[in-house]
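Biologist: I have a structure on my screen and want to learn how to read it. Can you take me through some features step by step?

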Amino acid sequence: MSCCRSASGTSLSRGRCAVIFDFLSAGLDVFLSPIALGLTFAGIVVGLVVGAMPGLGPLMGIILLLPVAIGLPPVAAMGFLIAIFVGGSCGGSISAILLRIPGTPLAAATLYDGYPMAQKGRASDAIGIAITSSAIGGLIGGVVLVFCAPILASFAANFAPPEYAMLAIMGLFAIVVISGGSIIKGLLAGSFGLLISTVGTDSFSTGLRFTFGSHNLLNGFHIVAVVVGLFAISEMAAQMMKRDLLKIPDVKVARPGLHTITLTLKHWVNLIRSSAIGTFFGAIPGAGGVISSFTSYAVAKAAAKPGEVYGEGAEGGVVATESANNSTVGGTLVPTLSLGIPGDASSAMLLGALLILGFIPGPAMFENNPDVVGGIFMVYLASNIFLLVAGILATPLFVYVLRIPKVYLIPSILLLCSIGTFALQASVFDLQIMLVFGLIGILFRSADYPLAPVVIGMILGPILEANLRRSLLISREGYWIFLDRPVSAVLVSINVLLLLAMVYLTVQRMRGAKETALAKAMSAED
Amino acid sequence: MELRKLLKGSLLAGAFVAASATTALAEFPERNIEVIHPWGPGNAMAMSQVVAKAMGEELGTDMPVISLPGAAGTKAQTTAMGKPADGYTVFDGYVAPLVLQPILGNADWNFKDFKPLSAAVANAFAIAGQVGETRWSNFEEMMAYCKDNRGELRYSSGSRNNLPHMVIAKALQSYDCVAQNVPYTQDGNVFKDLGSKVLDFAFVNVGNFRSNPDKVKILLVLSELPSSKKAFHGAPTIGELGVDLGLSNLGPMGWTWWIVNPDTPDDVTEKLRGAMERAMARQDVKDAVEAIGFVPLEWDHTKYEEIVGGVDSQLNSMGNALAWEEEELKKLN
């Protein structure tokens, strides 16, 4: 179906495409000013920095710089903030690849293959692929935003609690796919994530759960403090155990050039599929980039060609996660601009900024302010192009981090983690949580339990619980609500099929492992 | 000679005290002042950033707004009041944590326990229904339908036990209407699910309504203010209802009054008050606040007890409509 159709899909409307080009043309006039171009580029640089710093992220960047932006002309202001969103969504991959520390939860899936690539001496390639995938994914999300916003927004508006609950279950299946070594350990780690997501105030009964009288726990654990603790503290502890603290690492700093674009485009099917998944999850308010990156990774891994070993430095893994989480940005702007309903916390702040600047997001803005709408489209598309340029130019600087002896690197990273985590809520308690989860991360690693399922469980737990309970409150016929609604029924069917497929594949895998072990034992006896 | 010495000494001491006092006043603020905001990122936080930015400009410092959502705002208020009483922490005192939660027994403070700076903003809510609804055409008909079909309707007030929930529960109680409340954590999703006819009615704020005025039908504006009626395109207000809900002025509205720890030194408090009053009087601030869909309030700290006290007694005398709703739903189940 062409996005140039009307939202109702009844008639092919050349007029609608013409209107879109009118928007872009009106937007181009306001975008092509030195201040808008300059601030969009500056926003990308700020975004990459706040994204790469563990603890900070695009949301924090937008919050910190919103007061600056609201004094600027509208398109320049939105260009600055949207570019922070775009750059920040990609920046987290840099620390994930170089240090095995996701700068933001969005990049938690990127370290699966990005870090092994860096360990194999391909850090520049990994970052280049991450940046190129992010930029292309973002552009795909942008094309959808520009051409399909009203249609996608009206489709996403029909996603209600039953559909969200089913999507959350689908996201949980990613745990099985990404668990690698032991599915049981992956499921246990995911269950731990689900369990800790229950801490705080129950929004349905207003009862307190596992808060132990502490007001700091009334809203549960901050996801960023948990992620930084689990990944960064445990990684730094692991690095300290090695006996090379004073050694100057011999890392070749290569500038990623056009060849990283070629490397990325080799995975074009994965790129388009992951970008589509990211845009879809972004367009559904509340779903978010973390689900989209893990889901894309799981799908890419399941569809991997023979010889592509995910988890050991497969380029496809980086392509999947990074294209997904940046296309999510374009997706989140769909309901934000078309309906005035923010897709996530960052787009909620963008919506607030638009209101302060005097524009009311929604259908009326498309009619009354085509220059601003077109300008926002243009800054979003340009942000992704600037991301490619700035990212590739700055990669040698990032990779240079690997040449710093660990005796300096480790304390610096711990300091940055502490600053970033404290800045979240100006809270010492968050620092304590970071350290506690650092200890938990060390224990998990020593017992060979994967860490990413904890993040998936912690993010999907509240979405699943709230939407399951919400569905049952809305329903007048109990659980039948999940089958009464067509989209929900389709998602239920997909989930059942996925469950059966996973059980079957797991049994096959265990049987295969048993047979291999038996064959080994027999050959040893011979 | 002695007298001259005494005079000299007194003058020196006076000059020293005056200099010290001036220095002390000139010293505040020496660093950033944090504004603790009780909700997550969104329109309300953006609005607080507008006020904080202007107030910071008046004080010559930055005033970052820190979002600390949780437990209907009580987490943020407890955290803010646990910080040193030095004027470097200001609380964005929304009605929910400041007045409502103590009434519901979820907080052990009273609004009189704090030092007010100035009133900030208010925002009006409305009850909206679906477009193309055939079961009723106005609020009173919906209440009659609800009375005849107890427990059938589904509505949302956003979070549970917040101000819109209490006001809607009181309205339903007045008409003996029992409906199922469905809590949501994001107001935007309430609006979306009402627009897609998952919910029968819901609270909406001005911001959501202005974005999509054609997606919902406003049944009742939960405010008597003419500006609120205008914002909701002239829909009926609670003042025009057949029953008296006992709510007036700010009673049924969301609002925030910025406050500080009661032990904050008076000179520091005065400095903060002056800056906030000047900030709230600025036309650029008023314009920005109105653009987000809020109403700037112009009361200074001297009106705090009168205005907030009025809301406190109104909400107190509303009785426990929330408990009534819960009991009635239990009976139906």
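Modeller: Start with a pair of helices. The crossing of H7(A) and H21(A) is left-handed. That word applies if the near helix is turned anticlockwise from the far one by less than a right angle; clockwise would be right-handed. Helices (H or I, at least four residues) and strands (E, at least two) are DSSP runs, numbered from the N terminus.

Biologist: What sort of model is this, and how are the residues, chains and ligands labelled?

Modeller: This is a predicted model: local features need pLDDT of at least 70, side-chain atom pairs count only at pLDDT 80 or more, and totals for chains, interfaces and linings use all residues. Residues are numbered from 1 along each chain as its sequence is written, while chains are lettered from A and ligands numbered from 1 in the order in which they are written.

Biologist: At what angle do the axes of H7(A) and H21(A) cross?

Modeller: Axes are lines fitted to C-alpha atoms, for helices over the stretch in contact, and angles run from 0 to 180 degrees between N-to-C directions. The axes of H7(A) and helix H21 (residues 486–525) of chain A cross at roughly 20° and come within 9 Å. That makes the two helices, H7(A) and H21(A), roughly parallel. The cut-offs are under 35 degrees for roughly parallel, over 145 for roughly antiparallel, 65 to 115 for roughly perpendicular, and oblique for the rest.

Biologist: Which residues of H7(A) and H21(A) meet?

Modeller: Two residues are in contact if their C-beta atoms, placed from the backbone, lie within 7 Å. On the H7(A) side, A:Met166, A:Met170 and A:Phe173 are among them. On the H21(A) side, look for residues including A:Leu491, A:Leu498 and A:Met502. By class, this contact of H7(A) with H21(A) has 13 nonpolar, two polar and one charged residues. Ala, Val, Leu, Ile, Met, Phe, Trp, Tyr, Cys and Pro count as nonpolar, Asp, Glu, Lys and Arg as charged, and the others, Gly among them, as polar.

Biologist: How does H7(A) pass H19(A), left-handed or right-handed?

Modeller: H7(A) passes H19(A) in a left-handed crossing. Helix H7 (residues 161–178) of chain A and helix H19 (residues 452–474) of chain A have axes that come within 8 Å and cross at roughly 155°. H7(A) and H19(A) are therefore roughly antiparallel. Among the residues that meet are A:Leu172 and A:Ile175 in H7(A), and A:Leu460 and A:Arg470 in H19(A). The contact of H7(A) with H19(A) has 18 nonpolar, three polar and one charged residues.

Biologist: And what about H6(A) and H16(A)?

Modeller: Helix H6 (residues 123–156) and helix H16 (residues 370–400) of chain A cross at roughly 175°, and their axes come within 9 Å. H6(A) and H16(A) are therefore roughly antiparallel. Their contact divides into 16 nonpolar, nine polar and no charged residues.

Biologist: How many residues of chain A are in contact with chain B?

Modeller: Chain A has 40 residues in contact with 44 residues of chain B. H14(A) gives the most to the chain A side, with eight residues. By class, that side has 26 nonpolar, 13 polar and one charged residues.

Biologist: How do I read a sheet?

Modeller: Strands of a sheet pair through backbone hydrogen bonds, either parallel or antiparallel. Two strands pair if DSSP finds at least two bridges between them. In chain B, six strands form an open sheet in the order S2-S1-S3-S10-S4-S11, with mixed pairing. Strands S2 (65–67) and S11 (295–296) of chain B stand at the edges, each with a single partner strand, so one side of each has no neighbour in the sheet. Three bridges join strand S1 (residues 34–37) of chain B to S2(B), and these strands run parallel. B:Ile36 has B:Ile66 as its bridge partner in S2(B).

Biologist: What is the strand order in the five-strand sheet of chain B?

Modeller: The order is S7-S6-S8-S5-S9, in an open sheet with mixed pairing. Five bridges join strand S5 (residues 125–130) of chain B to strand S8 (residues 201–205) of chain B, which run antiparallel. B:Phe125 stands opposite B:Asn205 in S8(B).

Biologist: How far apart are the C-alpha centres of domain 1 and domain 2 of chain B?

Modeller: They lie 27 Å apart. The bounds, from an automatic or database domain assignment, are 32–122 + 253–299 for domain 1 and 125–250 + 319–332 for domain 2.
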